[in-house]
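I opened the model to look up a few things and kept notes as I went. The sequence and structure come first, my entries after.

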Amino acid sequence: MSHSQRLLPDVVVVGAGVVGAACAYYAARAGLAVTVVDRGPVAGGTTGAGEGNLLVSDKEPGPELDLALYSTRLWREIADELGTAVEYEPKGGLVVAATPARQDALRAFAAAQTAVGVASEEIPGERLRELEPHLAPGLAGGFLYPQDAQVQPALAAAHLLRAARAAGARLYTGETVRAVRLGTGGEVLGVETDRRRLDAPAVINAAGTWGGELATLAGVHLPVLPRRGFVLVTEPLPRIVRRKVYAADYVADVASGSAALQTSAVVEGTPGGPVLIGASRERVGFDRTLSVEVVHRLAAQAAALFPVLAGVNVMRAYRGFRPYLPDHLPAIGADPRVPGLYHACGHEGAGIGLAPATGLLIAGQLTGKEPELDLAPFRADRFPVADGPS
């Protein structure tokens, strides 16, 4: 390939969050000429407002869990390559049950997961404090998930993009995509930003909560909705929480389609010292208002799990919007309606965990490789257009 040809990108990735970064990373490593464009900074959207969860523990058997297990392996490879830069911690997750009935439900959930490759170990109530000495007494039990891990999401996105740029990718931040250019046959020709025209036969929609808007620019329907979530950050502390610890209710909340406010405590320490406390979810559009009710509920639930946190200062609360699709599965891969359009959005709160598999599967499609996973459940055209043709 000549130098002049190489200047034209083979693919434009719209979105510089962790999913777009993973798409760029794997596409560039596959030898494609990649350009990434984002209307804000790197990790300026959902990625920068996430906890960095790499979870298999909260997913029932099905396409999303298959994707998570695949990504778990890929995150280990990325961590081996990028070292401690992304703060990868394979610390495991601990799901706890307050009552014997909840423990029974966790046991059944874990048994179904085991059949598809999830490792877990039942922990009786009297042993919980061996694993987490500061847990509240009197819990019925829990399950330990050694495959659960953690990264610092903004660092992960930045370092994946740095590696992509080392492989030749270009990055334009602070530029909004105004149009997806289509040919006479409806095929992708590239995009136009408010500053430049980028010609490419492929465009990857990694625009997160704005993925539906980007799809509309390409003339297709993709019903991405924002689901707001808050995370509390405490003052720096000694490592009083060793793993990611959450109550059994969290699994049900993740799977719920309710628009109403739901909160369930997810508590974890970080290498830097602060404890992160999530997780809330509600559909309120793009309302960025700080909800005092959410902050109080999360703090109370965290203190119920870890009484030592009751006297700890919360330094700040940050909020973000998780890109939500109605059936809780992301849209991944080629859009059969528009040749050259690929989707990598709608991962809700799991995008950081699912990013590597998403990026590698799309890079495989772009280069004609047989996918490791069946992408049919993630097809972007699976949603009917409720209000007629768009």
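Which residues is L222 in contact with, leaving aside its neighbours within four places in sequence? I count contact as heavy atoms within 4.5 Å. On that basis L222 is in contact with N205, G211, G212, A215, L325, A331, H343, C345, A380 and F383.

Before going on, I noted the ground rules. This is a predicted model, in which local features need pLDDT of at least 70 and side-chain atom pairs count only at pLDDT 80 or more, while totals for chains, interfaces and linings use all residues. Residues are numbered from 1 along each chain as its sequence is written, and side-chain values use heavy atoms, with hydrogens and water left out.

I checked the confidence next. pLDDT is the predictor's confidence in each residue, from 0 to 100. The protein chain has a mean pLDDT of 90, with 92% of its residues at 70 or more. Over residues 253-259 the pLDDT is below 50, and the model gives this stretch 22 contacts beyond near neighbours in sequence.

Back to L222. I found L222 in the loop between α7 (211-217) and β13 (225-234); helices (H or I, at least four residues) and strands (E, at least two) are DSSP runs, numbered from the N terminus. L222 has a relative accessible area of 5%, so it is buried (under 20% relative accessible area; exposed is over 50%, partly exposed in between; 1.4 Å probe, protein chains only). P236 is 14 residues from L222 along the chain, and I read 41 Å between their C-alpha atoms.

I found zero disulfides in the structure, a disulfide being a pair of cysteine sulfur atoms within 2.5 Å. C345 counts as buried at 1% relative accessibility, and C23 is buried at 1%.

I then looked at α9 (residues 292-305). Its 14 residues reach 20 Å from first C-alpha to last, close to the 20 Å expected at 1.5 Å a residue (1.5 Å times one less than the number of residues). V294, V295, L298, A302 and L305 are buried in α9. They lie on the same side of α9 because they cover an arc of only 100° around the axis, taken from the directions from the helix axis to the C-beta atoms. On the face turned away from that buried side I noted the exposed residues V292, H296 and A304.
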